[in-house]
Amino acid sequence: MADQAADEFQRHRDHLTGVAYRLLGGIAEAEDAVQETWLRWRDVDQDAIEQPRAWLTTVTGRICLDVLRSARVRRESYVGSWLPEPVVRPLADTGTLDPGEHAARTDEVSIALLALLERLTPEQRVAFVLHDVFDVPFDQIADALGIRTEAARALASRGRRAVRDSGAPRHDAALAEQRQVVAAFLRACQQGDLAGLLAVLAPDVTLTGDGGGLAPSIREPVSGAERVGRFLLNLGRRANDPEVVLLPVLVNGDLGLYGAGELGGNHTAVVMAFGIADGRITAVFNQLNPEKLGHLPPLAPSRRGDG
């Protein structure tokens, strides 16, 4: 029976990890939530459960709700802006996506949306993600939240409206367009070309950095093409160019950059994600918090990205 329980759980593990990551925005937290779900699954009478996937999803949502409620208190004292922990994958050697990477883009969610979900209440986030992303019926969502079905429906609706009306940066570019835009962005930054950079930045672009008080980063987002452009060029000049490593990678399925180098006398790693729409960058997300990058492999020296 133990082997059967483990086999059944394993069939749903990737799905549950996807649910937990979207709800929590952290890889380690998501894995912990899935492990807790396994412990509850192991100890329950599985013969009495007609739909294991639905039961497991509901339990994972309930566990994540508790974590979100606790995290809401912790993040009130977080140093600077909070950004999610990125899922970073290498690009295929040809510069095109292999089938596994296509699946990754489908299975993951953009940094832009994950950052936006932080504005929702824990209950809204659970209801919105479970219903709109994973198509979980409202009666199951209500069970996870411990409320009536009508209330779960209302929470998802409020979450959806908050996402739609947030004024957050748009991000709807296909990967081919992302590649062109990021290449132009990287060229302008490396050449110190402010005009070229302004041509690729949307007028209302925002730049958000997350150092968590552990790495040098801006405390508040920077807005506007001129301010963001000058900030990025100044950042490039401060970096020790011969030691800088910068590689194009997939960040949550979208094109981004993974870099490392000397900044302010400290060795700093960064993962850059972008919002891109209508041929321009609408948002830049710089994740520098070493606690959120510790799962990434070190970059090899003397490799520079070309977008």
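Guide: A residue of this predicted model is called buried if its relative accessible area is under 20%, exposed if that area is over 50%, and partly exposed in between.

Visitor: With that in mind, what share of the residues of the protein chain count as buried?
Guide: The protein chain holds eleven helices and seven strands, and its accessible surface comes to about 15000 Å², of which 50% belongs to carbon and sulfur atoms. Counted over the 307 residues of the chain, the buried share is 50%.

Visitor: Of the contacts in the protein chain with a separation of 6 or more, what percentage joins residues 24 or more positions apart?
Guide: A contact here means heavy atoms within 4.5 Å. Among the contacts with a separation of 6 or more, the part that joins residues 24 or more positions apart comes to 68%.

Visitor: Turning to the aromatic rings, which elements does the pair of Phe 9 and Trp 38 tie together?
Guide: The structure holds three aromatic pairs, and one of them is formed by Phe 9 and Trp 38, with 5.4 Å centre to centre and 55 degrees between the planes, a tilted arrangement. The two residues are 29 apart in sequence, so the pair ties together separate parts of the chain, namely helix 1 and helix 2.

Visitor: Are Phe 9 and Trp 38 buried or exposed?
Guide: The test for each residue is whether its relative accessible area falls under 20%. By this test Phe 9 and Trp 38 are both buried.

Visitor: What is the centre to centre distance in the aromatic pair of Trp 41 and Trp 55?
Guide: The planes of these two rings make an angle of 55 degrees, which lies between the limits of 30 and 60 degrees and therefore counts as tilted. The centre to centre distance of Trp 41 and Trp 55 is 5.6 Å.

Visitor: Which residues does His 12 contact, leaving aside its neighbours within four places in sequence?
Guide: His 12 belongs to helix 1, and its relative accessible area of 10% is under the 20% limit, so His 12 is buried. With the neighbours within four places set aside, its contacts are Pro 52, Arg 53 and Leu 56.

Visitor: How far apart are the C-alpha atoms of Leu 114 and Leu 83?
Guide: Leu 114 lies in helix 5 and counts as buried because its relative accessibility is 0%. Its contacts, not counting residues up to four places away in sequence, include Tyr 21, Arg 22, Pro 84 and Asn 252. Leu 83 stands 31 residues away from Leu 114 along the chain, and the separation of their C-alpha atoms is 8.0 Å.

Visitor: What is the volume of the largest cavity?
Guide: The count comes to two cavities of 30 Å³ or more. The lining of the largest cavity includes Leu 83, Pro 84, Val 271 and Phe 285, and strand 6 and strand 7 each supply at least two residues of that lining. Its residues divide into eight nonpolar, one polar and no charged, and the volume of this cavity is about 50 Å³.

Visitor: Which elements give two or more residues to the lining of the second largest cavity?
Guide: The residues of this lining divide into five nonpolar, two polar and one charged, and about 30 Å³ of space lies within the cavity. Among the residues that line the second largest cavity are Ser 110, Ile 111, Ala 112, His 171 and Asp 254. The elements that give two or more residues to this lining are helix 5 and strand 6.

Visitor: Against which helices do the buried residues of helix 7 pack?
Guide: Helix 7 is mostly covered, as six of its eight residues are buried, including Phe 138, Ile 141 and Leu 145. Just after this helix, Gly 146 takes a positive phi of about 70 degrees. The buried residues of helix 7 pack against helix 3, helix 6 and helix 8.

Key
Residues numbered from 1 in each chain as written. Predicted model: local features only at pLDDT ≥ 70, side-chain atom pairs only at ≥ 80, totals over all residues. Heavy atoms only, no water. 1 Å grid on protein atoms, 1.4 Å probe; cavity = no way out; pocket = protein on both sides within 12 Å on 5 of 7 lines; lining within 4 Å. Points joined across faces, edges and corners; volume = space filled by probe spheres on them. Helix = DSSP H or I, 4+ residues; strand = E, 2+ residues; numbered from the N terminus. Nonpolar A, V, L, I, M, F, W, Y, C, P; charged D, E, K, R; others polar. Phe/Tyr/Trp six-rings, centres within 6.5 Å; stacked < 30°, edge-to-face > 60°. Buried < 20%, exposed > 50% of the residue type's maximum accessible area, 1.4 Å probe, protein only. Areas by Shrake-Rupley, 256 points an atom, 1.4 Å probe, with all protein chains shown as cover.
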